[in-house]
Amino acid sequence: MTAPQLPAGACDCHVHVVAPQVDYPMLADRHYTPGPASADALRAHLQRLSLAHAVIVQPSIYGSDNRLLVHSLLALDGAARGVAVADDDVADAELSHLHDAGVRGVRVNLESTGASDAAAVSRALSAWAGRLAGQGWHIQVYASLDAIASAAPALARLPVPVVLDHFAMIPARLAQDDARIRQVLDLVGSGAAYVKLSASYRISAAPDDAGEAERVTALARAFIGRNPERALWASDWPHTSREPGKQPTEVSAYRDVPAVRLLREIEAWLPDAALRRQVLAANPATLYGF
């Protein structure tokens with residue numbers, strides 16, 4: 001394939017950095033264990049795709065210990081922003097420290113913890129929206145489609161931007177006239193939420209199958225068609241996974257997602273240069289302050 005031309009300032013809006021456990025211990029009750037994926041490896045990933053920026057998202061394995069996130073942002077020397085995980089009672093001074101390091105959002109991760117329901121989403125949102133309003137931060141939500149759709153009215157009223165992870169976890173196989181999908185599309189269409197077009201393997205059982213790839217592309221274009229100013233693109237590098245049969249504390253290999261596949265998805269989801277400029281560069285610059 002001929003690689004699509006990516007715009008200046010293009011950003012990968014969802015990546016993770018993972019360190020050896022001797023340096024940065026993981027939670028004892030984590031749900032999976034990935035191997036190291038360093039800031040240097042992240043730089044190489046960006047270079048392979050001709051990307052200028054990245055958004056480093058705190059993974060569930062570290063809970064609210066954001067030290068590695070902060071150190072990784074410093075290592076990227078202004079080329080990255082961060083999305084942290086924080087406890088409800090975190091001190092204002094700690095939020096200021098995170099902001100100075102480049103953090104611009106708080107992640108509410110309910111999908112990984114099995115607490116992905118509308119009530120949990122609403123509680124988490126109410127805990128953060130007041131504190132973050134006017135600070136240039138946003139709330140990033142990783143929750144099931146059912147939870148997001150049920151919480152859509154509350155999401156629409158928040159005084160801070162909302163970002164929905166990984167296609168709002170809409171299964172690619174669902175027909176777009178599904179009432180829950182319409183609610184999420186309306187949320188993005190109204191400007192009340194951003195959506196990350198990322199990690200097709202999280203919404204499709206066979207993302208390399210031509211038919212499944214077409215369904216994912218149709219979903220991406222549905223979001224963009226509703227509001228191109230509220231779409232973000234991300235790779236989900238380094239593509240964490242829990243291998244079947246592995247215990248949570250055993251290291252699971254990363255998914256094999258080559259750069260050519262990511263570029264193929266960009267070309268399919270964002271078929272013209274104007275859309276690529278909007279989604280890959282302009283929207284991240286607005287939301288993350290690049």
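Leu-275 touches Ile-224, Pro-228, Leu-270 and Leu-280, not counting residues up to four places away in sequence; contact here means heavy atoms within 4.5 Å. The model is a predicted one, in which local features need pLDDT of at least 70 and side-chain atom pairs count only at pLDDT 80 or more, while totals for chains, interfaces and linings use all residues. Residues are numbered from 1 along each chain as its sequence is written, and side-chain values use heavy atoms, with hydrogens and water left out.

Leu-275 belongs to helix α10 (residues 273-288). Helices (H or I, at least four residues) and strands (E, at least two) are DSSP runs, numbered from the N terminus. With a relative accessible area of 19%, Leu-275 is buried; the word stands for under 20% relative accessible area, exposed for over 50%, and partly exposed for what lies in between (1.4 Å probe, protein chains only). From the C-alpha atom of Leu-275 to that of Gly-289, 14 residues apart along the chain, the separation is 19 Å.

The next topic is the sheet. Eight strands form an open sheet in the order β1-β3-β4-β5-β6-β7-β8-β9, with parallel pairing. Two strands count as paired if DSSP finds at least two bridges between them. At the edges are β1 (11-15) and β9 (231-234), each of which pairs on one side only. The twist averages 25 degrees from one strand to the next, with axes taken as lines fitted to C-alpha atoms (for helices over the stretch in contact) and angles running from 0 to 180 degrees between N-to-C directions.

A nonpolar core is a set of buried Ala, Val, Leu, Ile, Met, Phe, Trp, Tyr and Cys residues joined through side-chain atoms within 4.5 Å. The largest one has 87 residues, and Ile-139, Leu-164 and Phe-223 have the most contacts inside it. Helix α8 (residues 210-226) gives the most to this core, with six residues. Apart from it lies another core, of 11 residues, including Val-55, Val-163, Tyr-194 and Leu-287. Leaving aside neighbours within four places in sequence, the contacts of Leu-164 include Val-141, Ile-148, Leu-155, Val-184 and Val-195.

Helix α2 (residues 67-76) has Leu-68, Leu-69, Val-70, Ser-72, Leu-73 and Leu-76 buried. These buried residues pack against α1 (39-49), β3 (53-57), β4 (80-84), α3 (92-101) and β5 (103-109).

Several aromatic rings also meet. The structure holds two aromatic pairs, where rings of Phe, Tyr and Trp (its six-membered ring) pair if their centres lie within 6.5 Å, and planes under 30 degrees apart count as stacked, over 60 as edge-to-face and the rest as tilted. Phe-167 and Trp-269 have ring centres 5.3 Å apart and planes at 90 degrees, so the pair is edge-to-face. This pair links distant parts of the chain, 102 residues apart: Phe-167 lies in the loop between β7 (162-164) and α7 (179-189), and Trp-269 in helix α9 (residues 259-269). Both Phe-167 and Trp-269 are buried. For Tyr-288 and Phe-290, the centres are 6.3 Å apart and the planes at 55 degrees, so the pair is tilted. Tyr-288 is buried at a relative accessible area of 1%, whereas Phe-290 is partly exposed at 27%.

Some backbone details remain. Most residues other than glycine have a negative phi, and most peptide bonds are trans. Asp-77 has a positive phi of about 55 degrees although it is not a glycine; it lies in the loop between α2 and β4 and is exposed, with a relative accessible area of 69%. Ala-199, in the loop between β8 and α8, also has a positive phi of about 55 degrees, but Ala-199 is buried at 4% relative accessibility. A cis peptide bond, with omega about 5 degrees, joins Trp-237 and Pro-238.
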